[in-house]
Amino acid sequence: MTSTLDLFGGDDPAQHGRVALGAQSVVLRGFALPAVDALLAGVDDVIAQAPFRHMETPGGYTMSVALTNCGELGWTTDARGYRYSRIDPVSGQRWPAMPQAFRQLAEDAAREAGFADFAPDACLVNRYAPGSRLSLHQDRNERDYGAPIVSVSLGMPAMFLFGGDDRADRAARVPLFHGDVVVWGGVDRLRFHGVMPLKDLPHPRLGSQRINFTIRKAG
C-alpha cells in the first residue's frame, strides 16, 4: 500500500512545526491536535442541526465536497450566486452557533501566524470523500479582506494548492495532514487556492474522509 509519506514525496509532518507559504501565509503543523476531541464533538453538534449537503454553483455544477456552516453567517451557493446568509436555506433556521473550540483554535492560530485580534463570525465546514476536489478560487465574498482565513484539516491527508493573485499563476502543492492549520491574510489574502482530488488513504479515526473547516470574518 502506498503510504501517506510516499504519496506526498516523503514530507514527514512531524518534522515541520511551521511552513511558510508566503509573506503572510503559513502552515502550522499539528497545531489543532491538542483540540481534536473538542473539534470533532463540535462537528457532530453542528451537523446534527445543519447536515452536510452538496450545493450547486451558479453555473449548475454540483460540488463534489459536501458542506455546512456554523456561526453568525454561512456561505451558500445556488443559481443566484455565491453569498453569505444568516439563514440555512435547507432548514429556514439560523445556522448553528460556532463551537467555542472552533473559535478558540482560530483565534490562537491567527495570533500564532501574526494576526492579532481575529474575531471570526463564519465557519464553512467541508467533508471530502475520496475523489472530492476543490477548484482554484479566491475567497472574495467577505465584506472586507482585512482579516485572515484559518483553515483546519482533520482526517485523510490532502494536497493543498496555493497559487498567486492570478488564476494562471503556478500553484504550490502543499501536503496537509490531520491536525494541520493553514493561515493566510494580509498581502496573501486573495491568493488562489484549492485542493487536488483526494486519494483514499483512510485515517485511523475518521476513515475515508477529510473534515476541513475554514473560519473567517465575513460580516
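These legends accompany several views of a predicted model of one protein chain.

**View 1. Secondary structure of the protein chain.** The chain holds 13 strands and three helices. Its radius of gyration is 16 Å, close to the 17 Å that the globule rule gives for 219 residues, so the chain is as compact as a globular protein of that length. The C-alpha trace spans about 45 × 35 × 35 Å along its principal axes.

**View 2. Burial and contacts within the chain.** Of the 219 residues, 49% are buried. Sequence separation was examined for contacts between residues at least 6 apart. Among these contacts, 73% join residues at least 24 apart in sequence.

View 3. The protein chain exposes about 10100 Å². Carbon and sulfur atoms supply 50% of that area. The chain carries 23 positive and 24 negative charges.

**View 4. The cysteines C70 and C123.** The disulfide count is zero. C70 is in no disulfide, and its nearest cysteine sulfur, that of C123, is 4.0 Å away. C123 likewise is in no disulfide, with the sulfur of C70 as the nearest cysteine sulfur, at 4.0 Å.

**View 5. Burial of the two cysteines.** C70 is buried, with a relative accessible area of 0%. C123 is also buried, and its relative accessible area is 1%. Both values count as buried because the cut-off is under 20% relative accessible area.

Methods. Residues numbered from 1 in each chain as written. Predicted model: local features only at pLDDT ≥ 70, side-chain atom pairs only at ≥ 80, totals over all residues. Heavy atoms only, no water. Helix = DSSP H or I, 4+ residues; strand = E, 2+ residues; numbered from the N terminus. Rg over C-alpha atoms; globule rule 2.2 N^0.38 Å. Buried < 20%, exposed > 50% of the residue type's maximum accessible area, 1.4 Å probe, protein only. Contact = heavy atoms within 4.5 Å. Areas by Shrake-Rupley, 256 points an atom, 1.4 Å probe, with all protein chains shown as cover. Lys, Arg positive; Asp, Glu negative; His and termini not counted. Charge placed at Lys NZ, Arg CZ, Asp CG, Glu CD. Disulfide = S-S within 2.5 Å.
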